[in-house]
Amino acid sequence: MWTSYPTRPRSWWTPLVELLYPPSCAGCGEPACGDDPYLCARCAIMMAWRDPTRCPLCEHPVAVPRRWCEGCLDIWPRTERVIALGYYAGALRRAVRVFKYGGYRGLGTWLGEMLARRVAREVGGVDAVVPVPGGRWRRRRRGFDPPAVLAAPVARWLAVPCAAGVVVRDRDGVHDATRRRLDREVEVRGRFRCGIPGGLAGARVLVVDDVYTTGASMEEVTRLLREEAGARSVVGAVLARTV
């Protein structure tokens with residue numbers, strides 16, 4: 001079965017190609033329809049839905065609205081708060097996987113624009129956007145770094161610079177989503193370093209990543225931004241939050 005996902009910019013022959021091979025919805029695989037080039041109407045509604053019972057700091061599901069989750073109660077986060085489009089499930093999970101593992105950078109750009117609109121509504125202004133640096137091996141295999149692809153449209157939408165070189169990655173790590181938060185925090189220490197000490201002095205920074213699991217990588221990047229780059233405060237933004 002032919003599966004097509006549009007990329008930008010669109011050419012004069014794009015409507016003809018989409019007529020012969022209709023773009024597939026990134027959320028369910030059915031033909032996309034309407035003005036949205038990546039989602040069908042049903043998946044667009046599902047992605048826009050928000051669960052009110054989530055931690056106000058990291059958006060993990062909680063039993064009581066506006067109460068912190070156990071993870072944030074146990075470990076005081078350095079990140080001011082984390083904003084996610086939704087949970088890593090259903091249509092959003094499939095869209096993220098198509099973007100990351102299917103190599104569709106255009107889909108990542110579009111998801112980044114969706115994320116930027118939510119950040120603008122809930123956070124307001126920031127001074128710079130910093131992507132969580134990805135591993136070199138995965139970047140070579142995919143041909144791109146997903147957080148960097150997401151951060152570029154977010155920075156354009158918010159009209160601020162994308163300061164990708166402020167935090168750099170020194171070594172790759174073993175990806176294991178089943179580890180506890182404390183184990184992941186120990187593992188990521190020394191994985192990143194500040195590339196430009198004092199480069200964001202007094203700034204409010206937005207850190208962008210694709211999927212938030214334990215938050216260990218984002219917390220380590222936040223620590224470097226606050227302690228070595230001089231950032232005044234740090235907010236996180238991710239496509240999906242695991243549960």
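**Core, sheet and salt bridges of a predicted model**

L111 touches L85, A95, F99, L150 and L239, residues up to four places away in sequence not being counted. Contact here means heavy atoms within 4.5 Å. The structure is a predicted model, in which local features need pLDDT of at least 70, side-chain atom pairs count only at pLDDT 80 or more, and totals for chains, interfaces and linings use all residues. Residues are numbered from 1 along each chain as its sequence is written, and side-chain values use heavy atoms, with hydrogens and water left out.

L111 belongs to the largest nonpolar core, which has 40 residues. Such a core is a set of buried Ala, Val, Leu, Ile, Met, Phe, Trp, Tyr and Cys residues joined through side-chain atoms within 4.5 Å. Buried stands for under 20% relative accessible area, exposed for over 50%, and partly exposed for values in between (1.4 Å probe, protein chains only). The members that touch the most other members are F99, L107, L111, V129, L206, V208 and L239. Two or more residues come from each of β1, α4 (90-102), α5, α7 (146-158), β5 and β6. Helices (H or I, at least four residues) and strands (E, at least two) are DSSP runs, numbered from the N terminus. The most is given by α5, with 7 residues. A second, separate core has 29 residues, among them C72, V166, A229 and V238.

The sheet comes next. Four strands form an open sheet in the order β1-β6-β5-β2, with parallel pairing. Strands pair if DSSP finds at least two bridges between them. β1 (82-87) and β2 (128-131) stand at the edges; each has a single partner strand, so one side of each lacks a neighbour in the sheet. On average, neighbouring strands are turned by 20 degrees against each other, direction ignored. Strands β5 (residues 204-212) and β6 (residues 233-241) pair in the parallel sense over 8 bridges. Within this pairing, V211 has A240 of β6 as its bridge partner. Helix α5 (residues 105-122) packs on the sheet and touches β1, β5 and β6. The direction of α5 makes about 130 degrees with that of β1. Axes are lines fitted to C-alpha atoms, for helices over the stretch in contact, and angles run from 0 to 180 degrees between N-to-C directions.

The salt bridges number 9. The criterion is a side-chain nitrogen of Lys or Arg within 4 Å of a carboxyl oxygen of Asp or Glu. E80 and R204 meet through their side chains at 2.8 Å, N to O. This pair links distant parts of the chain, 124 residues apart: E80 lies in the loop between α3 (70-74) and β1, and R204 in strand β5. E80 is partly exposed, at 37% relative accessible area, whereas R204 is buried, at 16%.

Strand β5 also holds D210, and helix α4 holds K100, so their pair ties together parts 110 residues apart in sequence. The closest N and O atoms of this salt bridge are 3.4 Å apart. Both D210 and K100 are buried.

A further salt bridge joins the side chains of E122 and R118 (2.7 Å, N to O). The two residues are 4 apart in helix α5, a separation of about one helical turn. E122 is partly exposed, at 31% relative accessibility; R118 is buried, at 3%. Through shared partners, salt bridges join R54, E59, R81, R118 and E122 into one network.
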